[in-house]
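Subject: The model to look at

Hi there,

Here is the model I promised to pass on. Please open it alongside this email, and my notes follow below.

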Amino acid sequence: MNMIFADPEYIWLLPVIIAVGFLSLRHEYRRKSALERFAEQQLADRLTLLPSFGLRITAVAALSAAMALLLLALLRPQWGLIQEEQTRKGLDLVIALDVSRSMLADDLRPSRLAVAKAAVNKLLDRLSGDRVGILAFSGTAFTVCPLTGDHAIVRRMIDELGPEILPRGGSSIAAAVKEAERSFRNSPPQGRVLILISDGEDHDGGIAAAVRQLQMKGVTVLAAFVGTEDGALIPEPGEGFVKDRSGAVIRSRGSLATIRSIDPEAITLNGDGAGLELLLQRSRAIATSTVRKERRQRLAERFQIPLAAALVLLVTLTVFSGRRKE
């Protein structure tokens with residue numbers, strides 16, 4: 001059985017409980033010594049109307065145990081898996097991110113790719129109930145993260161994206177659109193949206209046909225342009241810049257026209273990554289959210305057990321606290 005504590009930050013209270021218990025015990029022993037100097041134990045107990053020393057020590061121990069059990073409940077122990085069915089209403093959103101070498105150009109600082117990643121992370125902050133999938137593309141396309149409601153996983157996958165994750169260089173937007181079609185294969189027919197983020201460089205063509213085929217299957221296709229048409233040089237991993245076969249330095253120029261051939265209302269990302277929120281608004285206006293029932297497992301909360309035990313101890317102490325030794 002694996003047990004975890006959901007709120008372990010409260011463990012600092014344990015030394016406080018130990019200290020309170022120790023001081024309470026020391027107080028009872030000191031009081032016992034003082035009473036013994038005044039009179040014999042039996043006479044002292046009658047004169048002071050106190051419970052016997054043994055009962056007082058038991059009460060201190062019980063109170064300390066109750067405090068420890070309350071702390072255990074506060075830590076929220078969890079063990080054992082339970083099944084839950086959740087109903088979610090939202091979009092199925094696939095984000096196709098260009099990771100070709102041209103995305104390392106720094107006409108947007110620190111690079112086009114860094115700005116695109118920042119934009120996706122800002123978009124994730126706005127999502128609620130939506131499933132998100134991530135695919136990366138250059139000369140080929142690959143689904144990095146299938147559609148999921150766990151946006152934390154999506155963020156981690158985005159952080160890892162770069163030109164080195166795909167074996168083939170170049171840029172094929174059509175390949176990204178076709179890979180998106182596969183990503184939606186097991187998705188409900190409503191509420192499916194593709195957001196393609198690219199600098200618009202493309203070496204293979206066939207974009208219009210791929211987009212049209214995806215739209216015929218009920219997928220809303222939106223796009224964002226990242227970069228500038230003036231362009232910039234592409235840095236090499238070590239030093240210098242990417243060159244063509246003749247040795248001339250390549251200047252990567254973004255193509256807004258290519259992006260707008262995909263989505264006539266395509267937005268241009270700002271240098272701080274802002275802008276994708278507008279595509280999200282369009283998505284919700286165009287695509288009908290779908291209602292999904294999902295089953296998931298989670299660890300069962302067990303704080304009730306130590307809490308109930310602590311309450312039993314406290315009630316018992318309350319009942320017997322007023323009794324005196326005759």
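Where is tyrosine 10 found? Tyrosine 10 lies in the loop between strand S1 (3–5) and helix H1 (13–38). Helices (H or I, at least four residues) and strands (E, at least two) are DSSP runs, numbered from the N terminus.

Before going on, a word on the source. This is a predicted model, in which local features need pLDDT of at least 70 and side-chain atom pairs count only at pLDDT 80 or more, while totals for chains, interfaces and linings use all residues. Residues are numbered from 1 along each chain as its sequence is written, and side-chain values use heavy atoms, with hydrogens and water left out.

**A nonpolar surface patch**

Tyrosine 10 is partly exposed, because its relative accessible area is 32% (buried means under 20%, exposed over 50%, and partly exposed in between, with a 1.4 Å probe and protein chains only). Tyr10, Trp12, Val16, Val20 and Leu74 form a nonpolar patch on the surface, with about 440 Å² of accessible area together. Patches are made of residues with over 30% relative accessible area and no salt bridge, with nonpolar side chains (Val, Leu, Ile, Met, Phe, Trp, Tyr) joined within 5 Å and like charges within 9 Å. The areas come from the Shrake-Rupley method with a 1.4 Å probe, and for residues only the protein chains shown count as cover.

**Salt bridges**

Side chains of opposite charge can pair when their charged atoms come close. The structure holds 13 salt bridges (a side-chain nitrogen of Lys or Arg within 4 Å of a carboxyl oxygen of Asp or Glu).

- Arginine 76 and aspartate 7 meet at 3.4 Å, N to O. This pair links distant parts of the chain, 69 residues apart: arginine 76 is in the loop between helix H3 (53–74) and strand S2 (77–90), and aspartate 7 is in the loop between S1 and H1. Aspartate 7 counts as buried because its relative accessibility is 17%.
- Aspartate 92 and arginine 131 meet at 2.9 Å, N to O. They too link distant parts of the chain, with aspartate 92 in strand S3 (residues 92–98) and arginine 131 in strand S4 (residues 131–137), 39 residues apart. Aspartate 92 is buried at 0% relative accessible area, and arginine 131 is buried at 15%.
- Arginine 109 and aspartate 106 meet at 4.0 Å, N to O. Arginine 109 is exposed at 62%, whereas aspartate 106 is partly exposed at 31%.

Salt bridges that share partners also join Asp7, Arg76 and Glu301 into one network.

**Backbone details**

Most residues other than glycine have a negative phi, and most peptide bonds are trans. Which residue has a positive phi although it is not a glycine? That is arginine 76, with a phi of about 55°; arginine 76 is partly exposed, with a relative accessible area of 28%. A cis peptide bond joins arginine 109 and proline 110, with omega about 0°. Proline 110 sits in the loop between S3 and helix H4 (112–125).

**A helix pair**

Helix H6 (residues 173–183) and helix H7 (residues 207–216) pack at an angle of about 15°, with their axes 8 Å apart. Axes are lines fitted to C-alpha atoms, for helices over the stretch in contact, and angles run from 0 to 180 degrees between N-to-C directions. H6 and H7 are therefore roughly parallel to each other (angles under 35 degrees count as roughly parallel).

Best wishes

Conventions: Angles under 35 degrees count as roughly parallel, over 145 as roughly antiparallel, 65 to 115 as roughly perpendicular and the rest as oblique.
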